[in-house]
Amino acid sequence: MDSALPHFLTSAPADLAQAAALLREGECVALPTETVYGLAADALNEKALAQIFTIKGRPLLDPLIVHVLDLAALAEVAEPDARLAKISHLWPGPLTVVLRRKPCIPNLVTAGKATVAIRLPAHPLFREVLRLTGRPLAAPSANPFGYVSPTQASHVRDSLAERCPWIVDGGDCEHGLESTILDLSTPGRARLLRPGPLTIELLRTLLGDVEVVTRASSHQFAQDAPGMLERHYSPATKVVLFAPGTTPEVEDDAAVVFIKRRPTSPLGAEVFNFSETGSVAEAAHHLFALLRQLDQRHYTSIHVELAEAVGLGLAYNDRLTRAAAR
Ligand code: TXA
Ligand code: MG
């Protein structure tokens, strides 16, 4: 076995050209986005797509997000919806929209559904690779199925190792939480399938009514968003959540994570703080990296403070709730 695997590529033009060449040849390459790292493959190449599922240990019923450079490229793989005019200024950015698919998209991408999820990512390295590849790129988060998403190149290496031989290192991901997923595939209905960095409040300002689809609100949920299993983003160590502004009672050798630094600490625990100011954006940016770190340290449990349930707090709490689900 090649002990040098995985190979890290940089932002150097020759490295990005190599990443694009590998993708055109049907290889998978992990790429940074402004949300989390993605495991990319040519969205029109079935063999390349099959590798994504193998590398991640992902069930085939879980459809993939297709990343494109611009609206012209979107129109080649999905049916544009008139409502896109109201939100397309949010692109490139952390927004994924589910639309009716075009026939060129393989069933492996959509899990056989009539819809396809599309995103125009903002990360300059991802965009450059899209430009050089000249192909739509399917990319799920670059983690083993069910584990915490990667926000640094080293996270991809640590959890996928030589199964993912190529990683473009773009440093820390800006948002640290996966994109917002908005379903516009049904005329007259806009539905939020996954809260993310673009908030429901903003989407409602632009689109009017947006339904929030959750397990509790829909029996359809498993069908509509097959990847959004309750237990997802889970570290091996037990994660316990506590209400914003409260202090939990914890057992010895537990870790306690506050969003905003507190003047006093709970007894017997090791304490971590995301932010001096209580910024949820800062907490979100660091959340997955800290969960990974703490998961290596054999605490009895990891207690994490929830955010107020508005704005980015909804996405932050969503990921934490999944991390805590057993
Ligand atoms: O920020 C992100 O969205 C990252 C970066 C890499 O782009 N990607 C990501 O992909 O989080 P993934 O595969 O980990 O999560 C995508 C979610 C899955 O839960 C999947 O079920 C859902 O999107 N999805 C994909 N296609 C869909 C479709 N046609 N209808 C409904 N849900 C879909
Ligand atoms: Mg994922």
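Me: Is A12 buried, partly exposed or exposed?
Reply: This is a predicted model, in which local features need pLDDT of at least 70, side-chain atom pairs count only at pLDDT 80 or more, and totals for chains, interfaces and linings use all residues. Residues are numbered from 1 along each chain as its sequence is written, chains are lettered from A and ligands numbered from 1 in the order in which they are written, and side-chain values use heavy atoms, with hydrogens and water left out. A12 is placed in the loop between β1 (7-9) and α1 (13-24); helices (H or I, at least four residues) and strands (E, at least two) are DSSP runs, numbered from the N terminus. Buried means under 20% relative accessible area, exposed over 50% and partly exposed in between (1.4 Å probe, protein chains only), so A12, with a relative accessible area of 32%, is partly exposed.

Me: What distance in space separates the C-alpha atoms of A12 and L125?
Reply: Along the sequence, A12 and L125 are 113 residues apart. From C-alpha to C-alpha, their separation in space is 9.7 Å.

Me: How far apart are the centres of domain 1 and domain 2?
Reply: The bounds come from an automatic or database domain assignment, which gives domain 1 (7-212) and domain 2 (238-324). Taken over C-alpha atoms, the centres of domain 1 and domain 2 are separated by 28 Å.

Me: Which residues of domain 1 lose the most area to domain 2?
Reply: Contact means heavy atoms within 4.5 Å, and 25 residues of domain 1 are in contact with 15 residues of domain 2. Buried area is the accessible area (1.4 Å probe) that two parts lose on being put together, summed over both; for domain 1 and domain 2 this is about 1600 Å², with 58% of it on carbon and sulfur atoms. On the side of domain 1, three residues together account for 34% of what that side buries, and they are V148, L177 and P195.

Me: Which residue forms a salt bridge with E178?
Reply: A salt bridge is a side-chain nitrogen of Lys or Arg within 4 Å of a carboxyl oxygen of Asp or Glu, and 1 salt bridge is found across the interface of domain 1 and domain 2. For E178, the closest N and O atoms of the pair are 2.6 Å apart, and the partner is R319.

Me: Which helices each supply at least two residues of the side of domain 1 that touches domain 2?
Reply: Between domain 1 and domain 2 there are 10 residue pairs in polar contact (both at pLDDT 80 or more). A polar contact is a pair of N or O atoms within 3.5 Å; within protein, one must be able to donate a hydrogen and the other to accept it, and residues adjacent in sequence count only if both atoms are side-chain atoms. On the side of domain 1 that touches domain 2, the helices supplying at least two residues each are α7 (153-160) and α8 (200-207).

Me: In which helix do R131 and E128 both lie?
Reply: The side chains of R131 and E128 meet in a salt bridge of 2.9 Å, N to O, and E128 counts as partly exposed at 26% relative accessibility. The two residues are 3 residues apart, about one turn of the helix, and the helix is α6 (residues 124-133).

Me: Which backbone oxygen does the side chain of N143 reach?
Reply: N143 is in the loop between β7 (137-138) and α7 and counts as buried at 2% relative accessibility. Not counting residues up to four places away in sequence, N143 touches K56, V148, S149, P150, S159, L160 and R292. At 2.9 Å, the side chain of N143 reaches the backbone oxygen of Y147.

Me: Is P136 buried or exposed?
Reply: P136 lies in the loop between α6 and β7. Leaving aside neighbours within four places in sequence, the contacts of P136 include A41, L44, V66 and V77. With a relative accessible area of 12%, P136 is buried.
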